[in-house]
Amino acid sequence: MKRAIVMVIDSMGTGAMPDCREFNDTPQCNTLKHVCEFNNGLKVPNMEKMGLGNIQDYKGIKKVNNPTAQYGIMEEKSKGKDTTTGHWEMAGLVSKKPFATFPNGFPDELIEKFIRETNCGGVLANIPASGTAIIAELNEEHHKTKFPIVYTSADSVFQIAVDTDLIPLETLYEWCKTARKILDDGGWNVSRVIARPYKIIDGKPTRISKDRRDYSMEPSHTVLNEIKDNGGKVIAIGKIEDIFSKSGITHAIHTGSNKEGLELTLKAVKKDLNLEKIAYPSNNKIFNDKTFIFTNLVDTDMLYGHRNDAAGYGRAIEEIDTYVDDIINAMNEEDLLIITADHGCDPTVEGTDHTREYVPVLIYNKNIKGENLGMIKGFDYIAERIKKWLNI
């Protein structure tokens with residue numbers, strides 16, 4: 001059984017790309033390097049053995065003479081610095097045209113149509129904002145009016161936040177689906193609609209990560225579709241299902257934390273994951289011996305990068321590393337493991353948005369000799385490696 005396993009450490013970039021200023025980023029941004037420096041070094045012995053420290057000078061991550069994995073840096077071809085663009089390119093789809101952003105909020109015509117078609121009565125905010133800050137600021141007004149909090153960021157996102165003790169979670173999801181349809185039908189070219197549910201916990205508005213949902217534009221043909229169309233399994237763990245709008249996926253499970261995503265990935269590698277329980281209804285068939293396990297680990301980005309929490313970011317990377325050895329030990333000679341990232345989100349520089357960065361890549365198989373892959377042009381290198389490995 002041939003399997004490819006890709007684990008995306010969301011936003012773990014490793015240095016500004018040459019065009020970073022076009023994306024309003026500083027050339028000094030370097031998520032992984034700065035997180036290492038802030039924490040006076042990171043303890044990541046398993047990725048260190050693979051050659052992570054050989055990629056750049058990272059405080060606390062040693063260079064090794066005989067790395068167990070191939071290692072390198074990837075440069076994004078697509079015009080973007082967001083989750084969707086990064087993951088789509090990994091899957092072989094290069095986005096030449098950037099998604100639309102709304103630095104002054106969404107146009108009146110779009111908001112008016114959203115209000116009319118959802119019958120939500122009105123919206124609050126309609127500005128670029130930090131999610132944690134905007135729900136804290138507008139929670140009281142949200143409770144008075146029952147209007148959803150609609151906001152965006154430097155990325156191409158239409159985000160809708162509600163207190164689900166006030167507005168049912170199912171209603172939030174329906175509003176998001178309506179927004180997705182309006183945006184698609186109107187040609188607005190918005191990458192994602194994001195459901196941002198929260199509750200009041202200990203007197204404080206707190207986002208509920210496990211109930212977040214992303215409603216992405218549907219991509220054109222990717223390596224996921226190729227694997228699925230050829231009879232293979234595509235197992236999506238975390239928000240992968242949302243990023244690809246279910247396209248090319250046969251099995252999917254959402255997660256509430258990195259720990260849960262890592263546990264599920266380990267189970268999938270060990271073949272202990274109940275695939276029947278997470279299979280799409282339309283896929284009741286016999287699969288061939290090719291499998292793609294695709295995991296997104298979002299806490300680094302969502303909980304720490306966007307919140308300028310470099311200490312938390314460091315702890316999250318260290319937590320991921322504790323699972324790497326177990327995953328490798330569960331692999332056989334027919335398994336290929338790729339660890340990478342989709343963009344940057346440097347918690348030590350000004351601002352709370354994603355950063356346009358190179359990303360590290362580690363590629364492991366029991367029979368592949370460790371070596372320096374150097375600078376790789378395009379995240380779609382991942383798709384090519386997967387296709388070659390699975391012979392599709």
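This report walks through a sheet, a helix and a few residues of one predicted model.

Residues are numbered from 1 along each chain as its sequence is written. In this predicted model, local features need pLDDT of at least 70, side-chain atom pairs count only at pLDDT 80 or more, totals for chains, interfaces and linings use all residues, and side-chain values use heavy atoms, with hydrogens and water left out.

**The open sheet**

Let's start with the strands (DSSP runs of E, at least two residues, numbered from the N terminus, as are helices, runs of H or I with at least four residues). Eight of them form an open sheet with mixed pairing, in the order E10-E9-E11-E1-E12-E13-E2-E14. Strands pair if DSSP finds at least two bridges between them. At the edges, E10 (251-253) and E14 (372-377) each pair on one side only. From one strand to the next, the twist averages 15 degrees.

| Pair | Direction | Bridges | Example partners |
|---|---|---|---|
| E2 (residues 70-75) and E14 | parallel | five | Ile-73 and Met-375 |

**Two faces of a strand**

In a regular strand the side chains alternate between the two faces of the sheet. In E8 (residues 213-216), Arg-213 and Tyr-215 point one way, while Asp-214 and Ser-216 point the other way. All are buried, meaning under 20% relative accessible area with a 1.4 Å probe, protein chains only.

**A loop residue**

Now find Asn-30, in the loop between E1 and helix H1 (31-38). Asn-30 counts as buried because its relative accessible area is 8%. Not counting residues up to four places away in sequence, Asn-30 touches Gly-13, Thr-14, Gly-15, Gln-56, Asp-346 and Glu-357, where contact means heavy atoms within 4.5 Å.

Conventions
Axes fitted to C-alpha atoms, helices over the stretch in contact; angles between N-to-C directions. Buried < 20%, exposed > 50% of the residue type's maximum accessible area, 1.4 Å probe, protein only.
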